[in-house]
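Subject: A structure for you to explore

Hi,

Here is the structure I promised to pass on. Please open it next to this email, and then read on for what turned up.

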Amino acid sequence: MDAPLRTLVIASTPADAGEVTRALISAGIPVGSRRIETTDDLARVLSEADVEWDLILCAPGGGLDERDVVARVRSADREVPVVVFSRDPAGLTDAATGVLALSPDQPAEEIGVGVRRELDLADTRRAARQATAALHLRDHALASAGNGIVIGDASQHGFPIVYVNPAWERLTGWEARQILGQSCAILQGPDTDPDVVAQISEALREGRGCQVTIRNYRRDGRPFWNDLTLSPVRDDAGAITHVVGVVDDATERVEARDRLRAVRADNERLLEGLAEAETRYRELVEQIPAVTYVADFDELGTMRYVSPQIEALLGHPAAAFVEDPHLWTRVVHPGDRDRVVAETARVFREQVEFDCEFRMISADGRELYVWERDNIVRDEAGVPQFTQGVLLDITSLRTAESALRDERDRAQTYLDVAGTLIVVLDPEARVVLLNRTGHELLGYRDGDLVGRDWFETCIPAEEREEVRDAFTRLMRGELTAAVEAVENRVLTRNGTTRTIAWHNTLLQGDGGAVNATLSSGVDVTDRRRAEEQVVHLAYHDSLTDLPNRALLQEHLELALARARRNEQSVALLYLDLDDFKLVNDSFGHAAGDELLHQLATRLRRRRRASDLLARHGGDEFLLLIADIERDPSHVAVAAAEGLLSAVSEPFELRGAEFHLGASIGISIYPADASDADTLLRHADQAMYQAKSAGRAGVRHYVAADEAKPIERLSMTTRLRRAIVDDEFVLHWQPIMSPVDGSLYALEALIRWEDPQRGRIPPVEFIGVAEETGLIDRLGEWVAEAVCRQRLAWQADGLDPVVTLNVSPRELRRPDFAERLLERIARHGLDPSRMIAEITETAAMSQSVRTEPLMGELAAGGIRVAIDDFGAGYSSLSRLRELPVHILKVERQFLAEVPEREDASAVITAILDLGTALGMDVVVEGIETEEQRSFLVERGCRLAQGFLLARPVPAGELRPLLEGARAPV
């Protein structure tokens, strides 16, 4: 040792101190000493920081405790060696604490060896302490590092892990106790790049560091990206003992890098797509049959780009519109230019899209219709940047629309002039189209109904739901063709209804769905009314509106069927007016029709609601009483009496009041008949039985009279044949003076000489002739026969006055007087020797018709007589004004003369009346001498009756005529 050791000697005396120092020096260990005496001094000296001691000696003797000295030294400096010289050193040496106990008597060589060894141990302990401190500092630094640190042992295969810091544990999920001794290859996984692993292996083999980014996996299997830096650790000889790895979690950076790369790739693809799209866009734009453009968003709309189609459209190249901002405006048609410019300015101010149709003029002067529309391209803040637009040539469309409009107008004209109502309804039943006929029929102006609900407006409320339901089913296709033609009523604007016959057609769209109905309708209101009227007339009498015989027949059949099922009775009443012919003859058929109308009204009031009153024809009526449960005869008679009561009330016609009677026949099921025809026939026969019994009464059917209707029908047939075969003859009844029997005139009376039955009296056939109209032909025969007989008498020198009965039917012929006078003149006869007898009823009731005829007869020389005077309703003032010469008193007035004073008074009054009026009076029906005497006493000049003379053929009158050769 070159430099003396810094030695602290603890000794009680300097001698003791010298003894121990000499022992060391003797051992060859140089010392530079300082002596202290007590342990307190020891503590103070050891606290001095500026001195570091190489050796502490403890001399023997004194009052020092060696163990206390050692404890104090070690508390201050563990590494400084302590040498204790003791007389008894056994047990004091402690290598662990650096204490060496020696005896002062030991050889110097042993002392030197021992002290040197302790000095070396002290150096070793000091170095170890310093190394431990350094390692502790390193561990603290590694534990505090933010990066993961792993140390592998390079001396072993696989570089097993000998150290990992907490950051590495957190990054990998592996704890140190789990991972120490294992290879870092445990962090690799299926997606770890094998090339990176090979790069790491190569660097480790070559003993060089490397930096890589590798995909590793945590203990839970989750992947992460690792920035790994490997550094080899060498020893003093340069051999690699360890490899230190520093790891950083690069997941976010790598993922960000990957995302960036993906974005860049997307951008590159987008740019490529945009370029490709732009190419396709241009190709597309330049091929479509429309002009596209891009323009600045300004008030003028300055063009940036115009597609090449503009040249084909307007004859100007596309570049011209970009170079000249005003060219676009100039090619707008002058008639539309101001409107287009104003619209362009408006959409610029309001920042809205341009959408306009206008005309343009091409370079060769052609006029085009175009439609232009654009949209605004805005930035992220919504500020307009430019516009993109399209211009379409719609000239052909407008031409087609014009043609279509013309066609539509023509079609509308056809629809308007069509006689049918045509209406189109959409699925909601709104009116899409209604032609003019429809508007006129419904009372609306053209177009008023378009858009309105058809059913709410034009269908009566009571039918609306049903008709709307039918429309809905028709729209759904539920109605078959058989019910597509329907009729329903429509409501006009003024509230009236019309009946329309519809034919419906479904209108379908391109997809086949029904989208409307087209209906054509014919107004059948008048037709249906006419049909109803025809049906009504078919079953009702046109004069009285009562059911006719056909309807009665149907109801009668039904009533009989019910009666058979329910064991009930049915009564049929047959009513015929008595002497109704006189009404027609006297007042004319118009008055007769009026009377029948009045009578029908009365009879309706006399029947029950369940009874059916019908007009059988003429003056005949039928009453059907059905469902009679008890005493049908009583029910029928009560009903008949009610009808007779209605007839018995006076009638008024043309200011005259008169009375009528009626005869009623009754037939009852099942007592009188079992079927409808028989029941009707028996009721008819019962009615004739009532008439035969005296008229104005009710008669039940009696089987014995069944043949009379057949005889009546046979009478008509035979009567027609008799006229043709001239089976008639004239008998003449004189009109004479009741005083002396002198002849006044002869009344011509017709008689029928039937080859089978012999002579048939007038009472049996005159009525039939009047009812059937044959009376006119009989009248013609009588007039001709009278003229021929007068000629025969004149040939014999005889010329009596003759009277001719005129039927009321003949008086309806306006040429009757003219024809009669012409006939008399044709035979060369004196008309003044002829008297025309007209019934009082005909003369008075038909005065408008008969008065001119009577005047013509009188003017022609024929005298006029009023027959059956007193049976009618003569007005004395009218009688005085008529050209009447003779009154013939109705025979019924003389029937009770002279027995009844009132009857006698009537005859007397009529005679006086005739005298007052200057007319001759003929009293008919003298059958007794008392009657003749009465008349003679009353001054009657003329009379007629069986007492004076019966009607006889002309041949039997010769004696009477010869006795009265002088003209009567």
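This is a predicted model: local features need pLDDT of at least 70, side-chain atom pairs count only at pLDDT 80 or more; totals for chains, interfaces and linings use all residues.

The crossing of α20 and α21 is right-handed, a term used when the near helix is turned clockwise from the far one by less than a right angle. Residues are numbered from 1 along each chain as its sequence is written, and side-chain values use heavy atoms, with hydrogens and water left out.

Helix α20 covers residues 589-606 and helix α21 residues 632-648; they pack at an angle of about 145 degrees with their axes 9 Å apart. Axes are lines fitted to C-alpha atoms, for helices over the stretch in contact, and angles run from 0 to 180 degrees between N-to-C directions. Contact means heavy atoms within 4.5 Å. On the α20 side it is made by Leu599, Arg602, Leu603 and Arg606, and on the α21 side by Gly642, Leu643, Ser645, Ala646 and Val647.

Helices (H or I, at least four residues) and strands (E, at least two) are DSSP runs, numbered from the N terminus. The protein has 33 helices and 37 strands.

Now for the inside. Buried residues (under 20% relative accessible area, with a 1.4 Å probe and protein chains only) make up 43% of the 968 residues. A nonpolar core is a set of buried Ala, Val, Leu, Ile, Met, Phe, Trp, Tyr and Cys residues joined through side-chain atoms within 4.5 Å. The largest one has 73 residues, and Phe728, Trp732 and Phe765 are among those with the most contacts inside it. Helix α25 (residues 775-795) gives the most to this core, with nine residues. Which residues does Phe765 touch, not counting those up to four places away in sequence? They are Met715, Leu719, Phe728, Ile750, Trp752, Ile760 and Leu778. A second, separate core of 34 residues includes Ile625, Leu644, Phe651 and Ile664.

Finally, look for the open sheet of five strands, in the order β12-β11-β15-β14-β13, with antiparallel pairing. Two strands pair if DSSP finds at least two bridges between them. β12 (303-306) and β13 (355-361) stand at the edges with a single partner strand each, so one side of each has no neighbour in the sheet. β13 pairs with β14 (residues 367-378) over seven bridges, and Phe358 stands opposite Val370 in β14.

Enjoy exploring!

Terms used:
Buried means under 20% relative accessible area, exposed over 50%, partly exposed in between (1.4 Å probe, protein chains only).
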